[in-house]
Every structure is written in C-alpha cells, then in structure tokens.
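Take a look at the structure below.

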Amino acid sequence: MTIGGVRLLTTTIILALAGSGVGPAAPVAVGTTAVRLASVVPAPVVATPASGVTYRITATTTIYTEPGSPAAADIAGQLAAILRRSTGYPMPVVDAPSATPSDGIALLLSGAPTGAGAEGYQLDVTTASIAVRANAPAGLFAGVQTLRQLLPPAAESATAQPGPWDVAGGRIVDYPRFSHRGAMLDVARHFLPTSVVKRYIDEIALYKVNRLHLHLSDDQGWRITINSWPNLAVYGGSTQVGGGTGGYYTQAEYQQIVAYAAARYVMIIPEIDMPGHTNAALASYAQLNCDGVAPKLYTGTKVGFSSLCVSKEITYTFIDQVLGEIAALTPGPYLHIGGDEASSTTAADYATFMNRSQQVVAAHGKSVVGWHDMVNAPVLPSTVAQFWGTTTSHAGLAAAAQNGTRIIMSPANRTYLDMKYNSRTRLGQRWAGYVEVQDAYGWNPGAYLAGVGEASVLGVEAPLWTETIETLADVEYMAFPRLPAIAELGWSPASTHDWTSFSQRLGAQGPRWRVMGVNYYHSTQVSWPTGS
C-alpha cells in the first residue's frame with residue numbers, strides 16, 4: 001500500500017504479542033520498549049519496529065515545534081508539561097531550526113503522508129530523535145497521544161520519577177477509520193462539576209476520542225444557564241436523582257469546557273433532550289405545560305412521562321431561544337436535540353415537533369443530531385441519527401440510511417457504559433444486559449445494522465448515563481476499560497480487530513492508569529501485568 005508516496009508493506013500492525021485463542025493470555029511485562037510499541041490503543045494502521053533502536057529522553061532533550069504555528073506550539077506545550085512533571089527535566093519548547101531536526105522531539109506540520117488526512121500522523125523514532133509529522137494540528141495531537149503510550153507508564157506521573165525514559169525505534173503511520181469517535185456524559189441525572197468533565201476529556205483524548213456529547217437536560221435536572229429563561233438552571237437545576245443540590249454550568253463555565261476540549265481536539269456536542277425528558281423545564285416554567293400547571297421537580301429514574309406542549313407557540317419560542325443561546329456558545333457544527341422515549345407525545349405531535357425543531361436548529365447554523373427515534377419523523381438531509389437499540393436491524397434506520405442519513409453507532413448492549421459488567425457490579429443498570437469489555441469490543445460498527453453499510457456510519461459513541469453515577473471515581477470505573485475498546489473500533493482499521501491482540505494491548509494500559517490514578521475495573525477477561 002502506498003500513502004502519499006510512502007510505500008508501506010502492510011495495513012495492519014506488524015508487531016504482535018504472544019497469545020492465542022479468545023481468553024486472556026499470560027501477563028506480560030510492559031517495561032520494555034518493544035512491548036510498548038506493540039501495545040498502543042487504538043491499534044495503529046502500521047507500526048514497523050526498528051530492531052535494536054531506542055531513543056532516550058534526557059535532561060538535554062528539547063521539543064521542537066512547527067515555526068509560526070500556535071496550535072503546534074500548544075500541543076508541544078501540553079507534552080512538555082506532562083514530561084516536566086514526571087522526568088524533572090526542563091523540556092524547553094522552541095521553533096524547529098529545520099524541516100528535519102537532528103535531535104530531540106520534533107512536532108511538525110509537514111512531511112506526513114497526504115493520505116493520512118487531517119487526523120493522521122507519521123511517528124518516527126531513531127537513536128537521535130523523535131519526529132511526529134502531520135498534515136493538520138489534530139493529527140499532530142493524535143501522534144503525541146501515541147508517543148505518550150510509547151513512553152514508560154511512569155511518564156504520566158504527577159511527580160518526578162527516576163526513569164530511564166526510553167522509546168522504541170520504528171515508524172508508525174496512522175489515521176482514523178471513522179470521523180466521529182465519541183463519548184457521552186450525562187450530567188443531568190447527576191450533576192458533574194467542570195473539574196470532572198475536564199478530567200474525562202483528558203482521559204478520552206488519550207485514546208483519540210474526538211467528540212464529547214454532553215447530555216445537559218433531562219427530567220431530573222437542567223444543567224446550563226439560559227439567560228432568556230433563567231429559572232431553567234436556578235430552579236430546574238436545583239436537584240438530581242435521589243435528591244441533593246444538583247447544580248449547573250454558567251455560560252462562562254460551559255465555554256471553559258468547550259475551550260478545554262478544543263485544545264485537546266475534542267468537539268463538544270451539547271444535547272437538550274426534547275420533546276420528552278423535559279420535566280425539569282416544565283417544572284421551571286408553567287407556561288410550557290399544556291394545562292399551564294408546573295409539575296414538581298423529579299428525582300426518580302422513570303422515563304417517558306414528560307412532554308413539551310407541541311400545540312403551544314411559546315414552546316417554539318422557548319426552543320428557539322434556548323438553542324440559539326447554546327449555538328452561540330458552541331463552535332462545533334452540531335446540536336443534539338434528543339428525541340428519544342417520547343412516550344407522552346403522540347406520533348403526529350412528535351412528527352410536527354421534530355420538523356419544527358430541526359428547522360430551528362438549521363436557522364441557527366447548526367446540524368441536528370438526535371437519537372434514532374427521530375427517523376419516525378421526516379429528517380433533514382443534514383440530520384444525524386444516533387442508534388441506541390439492542391437489535392441488529394431497524395427498518396426505519398435502514399431506510400433513512402438509503403436516503404443519505406448518517407448514523408452514529410451506540411448500540412446499548414455494546415456501548416452503554418452505564419450497563420453493569422456483571423451481576424456483581426455495584427454501579428450501573430442492566431436493562432440492555434451485562435456488558436463486559438469483550439462485548440464492548442466484539443462488534444463491527446460498519447456492518448452491525450442490517451441495511452446500514454459502512455459509508456452510512458459517521459462513527460461510534462459510548463454513552464455514560466448517570467442514574468447511579470455520582471463521582472469521578474464512578475465515571476472512571478464504568479468507562480475504563482470499555483471506552484478504549486470502543487475508541488479502537490472507531491479509529492483502527494477493521495483488519496486489526498482481534499480480541500486476543502486487543503486484550504493484551506488493553507492490559508498494558510493498566511500500569512499507565514494506575515500511575516494516572518484512574519479508578520478502572522480490573523476485568524477478569526484481561527490479563528493485567530505487574531504494576532496495574
């Protein structure tokens with residue numbers, strides 16, 4: 001295969017760890033550079049080792065960056081900050097003196113294969129230098145995340161460690177399978193502060209997840225200030241599942257999240273669920289109810305009992321102003337408007353509401369994302385449907401795909417991170433079944449739904465609903481190790497999809513997560529090496 005004039009011998013990972021069959025293989029050490037090169041998650045398109053070659057980061061190592069590129073300098077600054085903490089070295093960041101610096105770590109926006117696209121990269125490690133090359137900053141950032149995994153786990157430490165800091169020699173050429181590789185965080189059922197959201201962004205970005213879908217409203221809480229409807233946050237955001245004080249983001253805090261994510265090449269997709277899942281809004285403003293009577297705030301977990309009043313014109317004033325304010329705060333192209341479990345809305349009213357709502361979103365210069373229930377109504381050509389079912393067929397989605405609708409794959413029995421791992425899992429739910437890490441990994445997004453081919457699939461997304469999730473530790477326990485499994489399905493070529501290889505590469509993440517302080521689930525399906 002040739003990419004941008006570079007002749008490649010294979011489109012799969014060349015290095016493979018020992019092991020066969022479907023069960024976990026024997027534990028392996030992750031201290032050697034060769035093992036780390038073969039342990040990257042998501043699996044690169046091509047990883048070619050250079051036998052006997054190692055680059056060592058020392059106190060004199062410099063990080064060179066693309067001259068005149070603030071984005072490249074920012075990426076270099078993020079890498080330097082990580083390495084300064086763990087190595088204790090100064091790690092200066094300077095402009096590259098040439099197109100091919102002869103020493104140090106170079107992050108360059110030139111020289112990558114053109115076929116790698118905007119998110120791909122080429123990473124070369126020799127005894128003298130490390131070079132990450134990309135066509136765009138997003139690719140450069142992705143390459144740096146791979147470089148982090150090539151370093152010893154101690155490189156993620158918050159305090160100085162003794163090293164050594166060796167990186168295995170070789171070349172990686174890599175680029176994504178799907179453009180949408182997402183995680184969803186429900187901050188409505190239980191409110192999660194900005195610090196938790198930012199931490200989650202850091203964690204998902206390491207595995208090349210590039211979308212964070214924030215579920216900002218539901219029956220139990222409204223989580224963002226809307227200046228034109230202030231009671232939504234002040235009153236509608238005052239509680240959560242099980243009671244408690246709830247909470248909400250000011251618009252300034254939301255913008256901080258958006259900017260923090262953007263610096264890590266993660267796009268924020270905000271969701272305001274409608275016409276159902278709206279009790280917090282209905283309780284905040286009586287005029288949004290058909291009978292003009294506001295219901296009480298709700299702290300339970302039932303669904304399908306609430307609906308905006310489709311026949312009232314004020315409903316459309318409401319959604320226009322709410323979505324308008326959120327659109328103005330969100331640089332990405334999408335607004336998610338939910339549309340699921342609208343059991344209290346008639347089919348005719350649902351079609352009417354979704355038609356008008358899509359027009360409102362379009363008027364604010366955005367495209368709609370909605371749960372797959374939306375295909376029960378006419379959808380705009382730009383609307384994206386998010387599949388959350390538990391079957392492998394859906395006639396409405398297949399028909400929509402034939403008409404050009406793009407689909408995000410989030411089958412609940414594969415990707416829902418709030419599903420219990422097994423009967424002993426303290427957190428989570430089980431309505432979609434137990435979802436172990438092998439279940440999360442063992443499917444093909446491009447050939448999962450009958451009648452929906454890979455060309456119709458925009459990507460994958462792993463939702464985490466928070467009926468039982470209250471803390472960062474809870475989030476991490478349910479997301480890891482399943483989220484990296486789904487991230488690999490979104491990034492890596494289908495030809496690399498192999499449970500034995502993946503389970504060993506996933507196990508190699510354990511020592512890194514321990515150093516990072518990630519509260520992950522030690523699945524018995526994975527052999528976790530010493531130090532996990």
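Keep in mind that the model is predicted.

**The barrel**

- Eight strands close into a barrel, in the order β10-β11-β14-β15-β16-β17-β18-β19. Their pairing is parallel.
- On average, neighbouring strands of this sheet are turned by 30° against each other, direction ignored.
- Strand β16 (residues 367–371) and strand β17 (residues 384–387) run parallel and are joined by 3 bridges.

**Strand β9**

- Strands of a sheet pair through backbone hydrogen bonds, and the pairing can be parallel or antiparallel.
- Strand β9 (residues 165–174) has 9 of its 10 residues buried, so the rest of the structure largely encloses it.
- Strand β3 (residues 46–57) runs antiparallel to β9, with 8 bridges between them. Thr54 has Ala168 of β9 as its bridge partner.
- Strand β7 (residues 121–125) also runs antiparallel to β9, joined by 5 bridges. Here Asp124 stands opposite Arg171 of β9.

**Nonpolar cores**

- In soluble globular proteins, nonpolar side chains tend to be buried together.
- The largest nonpolar core holds 144 residues. Which of them touch the most other members? They are Ile105, Leu185, Tyr200, Leu212, Leu214, Trp222 and Phe318.
- Helix α8 (residues 313–329) supplies the largest share of this core, with 8 residues.
- Another core, of 7 residues, lies apart from the largest one. Among its members are Ile269, Tyr334, Val369 and Ile408.
- Residues up to four places away in sequence aside, Ile105 touches partners including Tyr55, Ile57, Leu79, Leu83, Met91, Ile130 and Leu147.

**Ser157**

- Where is Ser157 placed? Ser157 lies in the loop between α3 (137–150) and β9.
- Is Ser157 buried or exposed? Its relative accessible area is 9%. Buried means under 20%, so Ser157 counts as buried.
- The side chains of Ser157 and Gln161 make a polar contact (3.2 Å).
- Ser157 is also in contact with Arg85, Ser86 and Val515, leaving aside neighbours within four places in sequence.

Note on methods
Residues numbered from 1 in each chain as written. Predicted model: local features only at pLDDT ≥ 70, side-chain atom pairs only at ≥ 80, totals over all residues. Heavy atoms only, no water. Buried < 20%, exposed > 50% of the residue type's maximum accessible area, 1.4 Å probe, protein only. Helix = DSSP H or I, 4+ residues; strand = E, 2+ residues; numbered from the N terminus. Pairing = 2+ DSSP bridges. Core = buried A, V, L, I, M, F, W, Y, C linked by side-chain atoms within 4.5 Å. Contact = heavy atoms within 4.5 Å. Axes fitted to C-alpha atoms, helices over the stretch in contact; angles between N-to-C directions. Polar contact = N/O pair within 3.5 Å; in protein donor to acceptor, adjacent residues only side chain to side chain.
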